[in-house]
Amino acid sequence: MNLEEYKGVFVFAQQVDNKVSSIALELIGEGKRLAEKLATQVTAILAGSEVKGLADELAAYGADKVIVVDDPELKEYRTEPYAHALASVIQKYKPEILLVGATAIGRDLGPRVSARVHTGLTADCTSLEIGDFPINPVPGKEQKHNQLLMTRPAFGGNTIATIACPDFRPQMATVRPGVMQKLPKNEGAKAEIEEFNPGFTPDNKYVEIVKVVKNLTDTVDIMDAKILVSGGRGVGSPENFKLLDDLAAAIGGTVSCSRAVVDAGWKSKELQVGQTGKTVRPNVYFAIGISGAIQHLAGMEESDIIIAINKDETAPIFDVADYGIVGDLNKIVPMLTEQIKAEMAAKN
Amino acid sequence: MKVVVCVKQVPDTKGGVKFNPDGTLDRAAMLTIMNPDDKAGLEAALRLKDKYGAEVTVVTMGLPKAEEVLREALAMGADKGILVTDRVLGGADTWATSQTIAGAIRNLEYDLIITGRQAIDGDTAQVGPQISEHLGIPVISYAQNIEIEGDSVIVERQYDDRYHVLKAKMPCLITALAELNEPRYMTPGGIFDAYKAEITTWGRADLKDVDDSNLGLKGSPTQIARASDKVRKGQGEKVTLDPSESVAYIIDKLKTRHVI
Amino acid sequence: MDFTLSKEHEMARTLFKEFAEKEVKPLAIEVDETEEFPRATVEKMAKAGFLGIPIPKEYGGQGCDVMTYVMCVEELAKVCGTTAVIVSAHTSLCCDPILTYGTEEQKQKYLPDLASGRKIGAFGLTEPGAGTDAQGQQTKAVLDGDEWVLNGSKIFITNGKEADVYVIFAITGMVEKRGRMTKEISAFIVEKGTPGFSFGTKEKKMGIRGSSTYELIFTDCRIPKENMLGQQGKGFNIAMHTLDGGRIGIAAQALGIGEGALDRTIAYVKERKQFGRAIGAFQNTQFQIADMATKAQAAQLLVYKAAMTKDQYTKDHKTSYSVEAAQAKLYAAEMAMEVTTKAVQLHGGYGYTREYEVERMMRDAKITEIYEGTSEVQRMVISSNLLK
């Protein structure tokens, strides 16, 4: 493998039902940042059926070039034709870096493609940098420059590892959705568009889609929620949980609660966090009016970010909170909700 | 029908996480369990055994100690355990691991291979699909329901907002989600039988059609540049501010941490 | 002498622990509050083979040793005393005497269902006027043609209304013994649903509140002649020998309750702060914990020793485990009471609330000093063997 042949940052621009997924735009944004450091371009790979029209949107978010692989076999996502599309693009265009979203699709596609082209793949990255490998010079070992350093949590977030792929190309990563920043939309920006069809011949690896069932239930398991807005006895009344519902709606979270709230009959047991309830580990846990009995802490202290609002400054919840706010939830929460709405609106 | 289930012995993340000086995991120092997604895969296979009389062979790669997960699998009802262990296989990334396991499976007859979606230590979800690629068979990942129909397998495959019902001709590889089922418990008698059973141990020489350049640390395209224990969370900040300042404070933190 | 457990036993413990944590612990408070028999848990245990651990495979059991069974009861008791005694009474007091004294036909008929948990077992010896003093029995069985006719009642029967198969003791006549007329007692297997077999009142208990403790009433209850267990007149020996085994189960239950309370206390004293530091940093707490742990360890060794001695009996049908069982139960029960009481004390006011489960454990512990022979009876058993 002649590494020098491999140039450019490529991203897999995931689309579902001919709508560009948000992750595609995030990857273009991040890809652009990396491409600038390498003095190269960012190319989006757009695969699907009759998807060419989406190329402009990718351009508007920063793609310099779009490779369109358009084929009826790619209508609904299936591992094999998509893996074939992506692997063929790699073989033909030889990118230095290939980013794929760590979505359900990307995490299925990425490993199949990396295995086919024989390169490394780092899963679920939360941070990407260009740098040296080894990071610090090691006597007797060549230090390579301009390597992609891919950082990811492992062990359910207990550890952080930075991975490099010094001897194989492309350097492949799947990237966790919601972590990288999109670029501001630049209407009218144009990208070079290239159509490429490697040819699709169904074989044993093509599976048959018998049925597509779109989803699903609207009840959210609090154990799956990325953001939990959790209330305790301090919320005061079942009616007052409206404040939490609103906050959850604004930030895209789910409401949960402490045992006291369940015992008081304000909320169902399904929503209870703690030793006798569920153990949760969201990215963000708002503890609102929760004092933080040991039993409660046992069920949530592994959350990535804990934000506690409580008027009692000695409440034990502050011992585990990353950000503790001593104050009146009735005043803070509604204002916070409004502010988040404003921020979200500004972002879109 | 013959089913091969790949399982991994993983550190129980409820205990602490420990590292070797070179940044790789010190697996020997941690309590271990059968990886939860793999256990769901094993349960799926055992149900095929209950229903169709499938023969269930469990394969693991790891240190000699990984024999324990095979005993556990036997105690749950699996028929046969194969441990792939060799010094030269150590330090493997997902590429080298999948090459190793594919090399082992090439010695076996199979209609179905079931792996867990991902292991709780690495969280990569790569090894299953990569094995299928090396073996040239279809993969269906994130299975939430598995049925057999003639020479095909019908699987519900879960995505974010939908599921596909997929049909693939066997042989085929399926990756299982922990949500797929509620794995059965071992039985006490099964445990004692499992320790009487013979475990097959394979080393490098037993792997079929795999080049040395694809094995172990040397055969791993990815390399660890840096690894660390995530800084343990202690008490964070605590502020007493008026309500609007409090809100500004929270918004600032949410932005810094890329929540909004 | 080797104090390390085999790998098999270690793995079995992992299994029991995982099951207890996942399936039993979350329900323990509810079982205590509602006083309802945890039927769903029992079904799960049946599926996992927990209801036939020391029963040979040929009778549908797991074919494991008493040691494995004891560890199961111990791990269950760490999280729920009720669930532990259900298994203990079923296994030690019903399966075990049928296995030991049953005819081949009886074993084939009853053990597969019992060992697989399709049926639950119970044991009826105690009567209002007769606890350990079996001579105080009033329940009578009279042979009428091919049937025994039972009349009388049994009280405080564990698994009472939930069981399907009962080992019942009754007077079958009077015999002369050393110049005195004494009651001749025999054992019977009685199935639920037999006409004339009904249930009296449910006991409201201090602890192990989900365990279904009932009065059994026999009114002209006719059972087939072949349901006599063991020889006629050997009932007293069967009862005593069965209780020797039962005591090992109860000792394991007591051990688990004490260990469970100790585990919770250790966790609590590390978290709970007073005067600016964890209460575990105070020497009083440290010394209490040290004493609790030492006694729990001593109890475990006695219980395991008793289990191993019974395993020896299983092999040679000679070795007596009566004293070992009595010592294990005596010590483990008193340890459980002491450790749970200290656990409540170290938890302070929280320990007195039902949310912190040491309160329940203290209530559950008390019965282990009472049933299947009180601590006083255990002392009688131990000393009479020393002084005979």
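Helices, runs of at least four residues, and strands, runs of at least two, are DSSP runs numbered from the N terminus. The model shown in the following views is predicted.

**View 1. Overall build of chain C.** Chain C contains eleven helices and ten strands. Its radius of gyration is 21 Å, close to the 21 Å given by the globule rule for 388 residues, so chain C is as compact as a globular protein of that length. Along its principal axes, the C-alpha trace of chain C spans about 80 × 45 × 40 Å. Of the 388 residues of this chain, 55% count as buried. Among contacts in chain C between residues at least 6 apart in sequence, 74% join residues at least 24 apart.

**View 2. The largest nonpolar core.** This core has 192 residues, and C:Val70, C:Leu76, C:Phe188, C:Val303 and C:Ala332 touch the most other members. Leaving aside neighbours within four places in sequence, C:Ala332 is in contact with C:Ala251, C:Ala254, C:Leu255, C:Ala299, C:Leu302 and C:Val303. Another core, of 66 residues, lies apart from the largest one; its members include A:Leu54, A:Tyr61, A:Tyr77 and A:Cys125.

**View 3. Helix H1 of chain A.** Helix H1 of chain A comprises 16 residues, 22–37. At 1.5 Å a residue, this helix should span 22 Å, and its end C-alpha atoms are 24 Å apart, which agrees. The buried residues of H1(A) are A:Ile23, A:Ala24, A:Leu25, A:Glu26, A:Leu27, A:Ile28, A:Glu30, A:Gly31 and A:Ala35. After H1(A) comes A:Ala39, which has a positive phi, near 55°.

Terms used: Residues numbered from 1 in each chain as written. Chains lettered and ligands numbered in written order. Predicted model: local features only at pLDDT ≥ 70, side-chain atom pairs only at ≥ 80, totals over all residues. Core = buried A, V, L, I, M, F, W, Y, C linked by C-beta atoms within 7 Å. Buried ≥ 20, exposed ≤ 12 C-beta atoms within 10 Å, placed from the backbone. Contact = placed C-beta atoms within 7 Å. Expected span 1.5 Å × (residues − 1). Rg over C-alpha atoms; globule rule 2.2 N^0.38 Å.
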